Amino acid sequence: MHRHDDPKYRFDYDKIMEMTEVCKQWGKWGPDDEWGTQNYVGPEERKHAASLVKKGAVFALGLNFDDQGPQRGLFGGRWNPIHTMLATGTDAVAGKQTVPGKKYPNQYADDAISLPLQCGTQWDALGHVFNQGKMWNGYDATLVSSRGAEKNAIHKMRDKMVGRGVLLDIARWAGVDSLDDGTAIDAEDLDACAKAQGVEIRRGDFVIYRTGHMERCLRNGEWGGYAGGDAPGVSFHTVEWMKDMEIAAICADTWGCEVIPNETDAVFQPWHWIVIPMIGITMGEIFYLKDLANDCAEDKVYEFMFVAPPLPVTRGVGSPINPQAIK
Amino acid sequence: MPRRFDEVNLTMADLEVMAEKCRNWGKWGPDDEIGTLNYIGPEELKRAGTLVRQGKSISLGLDFNQNGPQTGKFKRFNPVHSMLATGTDACAGKHTNPNIQYADDMVTMPLQCGTQWDALAHIFNDGKMWNGYDASLVDANGAKKNGIEKIKSKTVGRGVLLDIARWAGVDSLDDGTAITCDDLDACAQAQGVDILRGDIIVVRTGHMERCLANKDWAGYSGGDSPGMAFETAEWAFNREIAAVCTDTWGCEVRPNEIAEAFQPWHWIVIPKMGLTLGEIFYLTDIGEDCANDKVYEFLSCAPQLPLTGAVGSPINPIALK
């Protein structure tokens, strides 16, 4: 691991352009592909994943969606979910729910939600980030308009997001409750943590790494800059690892996976520039990992069946989720 | 074979009797908020894992968009999806500070506008909800008991499809057709599948597919529909079913078999039995797949969004075979 401002790891715009070419996988699964690295998960991977259900325990990796969420308007005008009631028990008890033609009134509650699709635990669709006007597989960014994403939308992933999950508990491996903001995780750290945990990372895996950032905020009772501000996370220099390991998805307990401040002043979230549009990896963010991590530390089993179906919001570029780790 | 809704003569007195018969309050302690999902334990989960034999993943979620089944009835509308940032903006040079080209979006929707779970706080009976909690615990701030977030790791188990429409030899059951206990058993037997304690039962009537084929939702949401007969409350109770899901708006047959109450089966199964209901499931693909390979059991995983204090959640259920 290193600090974000360690001169040895600083880079400029040219490096981003270099990695753009080095990591480019456009066309790998044909000109019409909209799944990217989800293509690595096939029937064999799913069968193997199910074989990891050994003790019959389920861990929810979704943070509750409510007005106590992490959004503070730091990026993109995102807010916490607004949950409103359309019918309530108090109404029911007060006899307000009469039905025309029925002798007895209804008694029910009903509700609605207004939320940015990336305000909490979520998938980024492959249509979420662009690089020089292009998105995954070379599609033009203008295909994502006010009408939504005509390519690489989240609903294309409706039956994906199932496979073998692997937790890399970087914070525990490093012997801390939480990595400090600005701490960058190197590819060597990911490998060393996996080795120390006795788990092998394979093609088609859903790799989930824990920095402890979310738990630090929850413990402090204060999100602070969690959503868009400084954070621990993977170094830009892990982009080749992400490509070469042939993983299906990468997920973290932070807002944006990569280290902030970024290791360059040239652009914002440079790792995103490569991972989503060039490699075609689906990214999961704001994962709640405390319960799963405690269990893995206890039984030393860091692999599990992972199921995290997105809501198939037509032409959406993200989806709130409640990922399930089944051991 | 399924019968018409008006072939039985049921009254509110029958509803009272059924409510007593199917009452599970206190069964899992005075503080329980998950009801029949308690039937799914480690053994049930492990068995569900063994059902993934071919490595197939099939989605039972209807896409969420403006072409959904809602009409505004019950104040439910179809999802409103709007963009907060777009690729067109990015290409027009609008995304320079911070310097990242991206798209972002939001949705506004009733939690029960599409494929969804009902929380146990969704329906009351005589001012009470599941496990005897007072209905007034669900107020404008949401549900203080039985909220949907309580089941955040509980909707995984063995799923069983009962393809009633296919078994009955029709594309879709007619509206007003009631599926009886005998039908459920006979269909399971014909399909060669056992019903086990803790199962997530998925019932296909063909109603949604009829609407999709006609390109007209018509009365799908809240109007007439095929569905479960009132008597099947007892079937779910006796079989110790964890959840019941259908491809209809409201699971039970409409018009209802008890004329004086709206959705009388709901009055029993949610507040008295503690049964989690899934509605508006998209069953075309799973129906065809099961008909092809004759395997009607699968690992079912349908995680809700843990919306604090909510009384329902949109979902994308996954069947793994």
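Predicted model: local features only at pLDDT ≥ 70, side-chain atom pairs only at ≥ 80, totals over all residues.
Let's start with the interface. On the chain B side, 82 residues are in contact with 82 residues of chain A. The biggest contribution on the chain B side comes from strand β5 (residues 104–110), which puts in seven residues. Sort the chain B side by residue type and you get 44 nonpolar, 27 polar and 11 charged residues.

The two chains also share some strand pairing. Strand β6 of chain A (residues 129–130) pairs with strand β4 of chain B (residues 101–102) in the antiparallel sense, over two bridges. If you want to find this on screen, go to A:Val129, whose bridge partner in β4(B) is B:Tyr102.

Next, a pair of helices within chain B. Helix α7 (residues 232–239) and helix α8 (residues 264–273) have axes that come within 9 Å and cross at roughly 25 degrees. Angles under 35 degrees count as roughly parallel, so α7(B) is roughly parallel to α8(B). The crossing is right-handed. From α7(B), the contact uses B:Ala233, B:Ala236 and B:Phe237, and these meet B:Trp265, B:Ile268, B:Val269 and B:Met273 of α8(B). What kinds of residue make up this contact of α7(B) with α8(B)? Seven are nonpolar, with no polar and no charged residues.

Most residues other than glycine have a negative phi, and most peptide bonds are trans. The table lists some places in this model that go the other way.

| Site | Feature | Value |
|---|---|---|
| A:Ile260 to A:Pro261 | cis peptide bond | omega about 0 degrees |
| B:Asn97 to B:Pro98 | cis peptide bond | omega near 0 degrees |
| A:Asn137 | positive phi, not a glycine | phi about 70 degrees |
| B:Asn131 | positive phi, not a glycine | phi near 70 degrees |

As for where the two prolines sit, A:Pro261 is in the loop between β13 (249–252) and α8 (270–279) of chain A, while B:Pro98 is in the loop between α3 (87–91) and β4 of chain B.

The two asparagines are in loops as well. A:Asn137 lies between β6 and β7 (144–145) of chain A, and B:Asn131 lies between β6 (116–118) and β7 (138–139) of chain B. Are they buried or exposed? A residue is buried if 20 or more other C-beta atoms lie within 10 Å of its own. A:Asn137 has 23 such atoms within 10 Å, so A:Asn137 is buried. B:Asn131 also counts as buried, with 23 C-beta neighbours inside 10 Å.

Key
Residues numbered from 1 in each chain as written. Chains lettered and ligands numbered in written order. Axes fitted to C-alpha atoms, helices over the stretch in contact; angles between N-to-C directions. Helix = DSSP H or I, 4+ residues; strand = E, 2+ residues; numbered from the N terminus. Parallel < 35°, antiparallel > 145°, perpendicular 65-115°, else oblique. Left-handed = near helix turned anticlockwise from the far one by under 90°. Contact = placed C-beta atoms within 7 Å. Nonpolar A, V, L, I, M, F, W, Y, C, P; charged D, E, K, R; others polar. Pairing = 2+ DSSP bridges. Buried ≥ 20, exposed ≤ 12 C-beta atoms within 10 Å, placed from the backbone.
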